[in-house]
Amino acid sequence: LNTLDDKAIEQVIKKMSLCKIDDGKIIFEEGNIGNYFYIVKSGEVKILIKGSHKKTLSSGDFFGELALLY
């Protein structure tokens, strides 16, 4: 996204929406096709791979970037 000009960034932001997720809810499961790009506004998101905790994301972190390519 860092290669976008201000107008393009504004267009992306207009398409974004806030999604509140309850504690413990699965946002995305390994093996599924991704349709969304997520930016963590607040709280934490745990990344599990094959059931094992690999990383914790927090404010400003993101995931689902492969969905942008498709």
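This is a predicted model: local features need pLDDT of at least 70, side-chain atom pairs count only at pLDDT 80 or more; totals for chains, interfaces and linings use all residues.
Let's start with Phe-28, which sits in the loop between α1 (6–15) and β1. The structure holds three aromatic pairs, and Tyr-36, Tyr-38 and Phe-63 form one aromatic cluster.

**Phe-28 and its surroundings**
- Phe-28 has a relative accessible area of 41%, so it counts as partly exposed.
- Apart from neighbours within four places in sequence, Phe-28 is in contact with Ile-33 and Gly-34.
- Phe-28 and Phe-63 are 35 residues apart along the chain, and their C-alpha atoms are separated by 9.8 Å.

**The pairs within the cluster**
- The structure's three aromatic pairs include Tyr-36 with Tyr-38: their ring centres are 6.2 Å apart and their planes lie at 55 degrees, so this pair is tilted.
- Tyr-38 also forms an aromatic pair with Phe-63, and this one is stacked, at 4.8 Å centre to centre with 15 degrees between the planes.

**Buried or exposed?**
- Tyr-36 is exposed, because its relative accessible area is 56% and the cut-off for exposed is over 50%.
- Tyr-38 is partly exposed, with a relative accessible area of 21%.
- Phe-63 has 15% relative accessibility, so it counts as buried, the cut-off being under 20%.

How values were computed: Residues are numbered from 1 along each chain as its sequence is written. Side-chain values use heavy atoms; hydrogens and water are left out. Rings of Phe, Tyr and Trp (its six-membered ring) pair if their centres lie within 6.5 Å; planes under 30 degrees apart count as stacked, over 60 as edge-to-face and the rest as tilted. Buried means under 20% relative accessible area, exposed over 50%, partly exposed in between (1.4 Å probe, protein chains only). Helices (H or I, at least four residues) and strands (E, at least two) are DSSP runs, numbered from the N terminus. Contact means heavy atoms within 4.5 Å.
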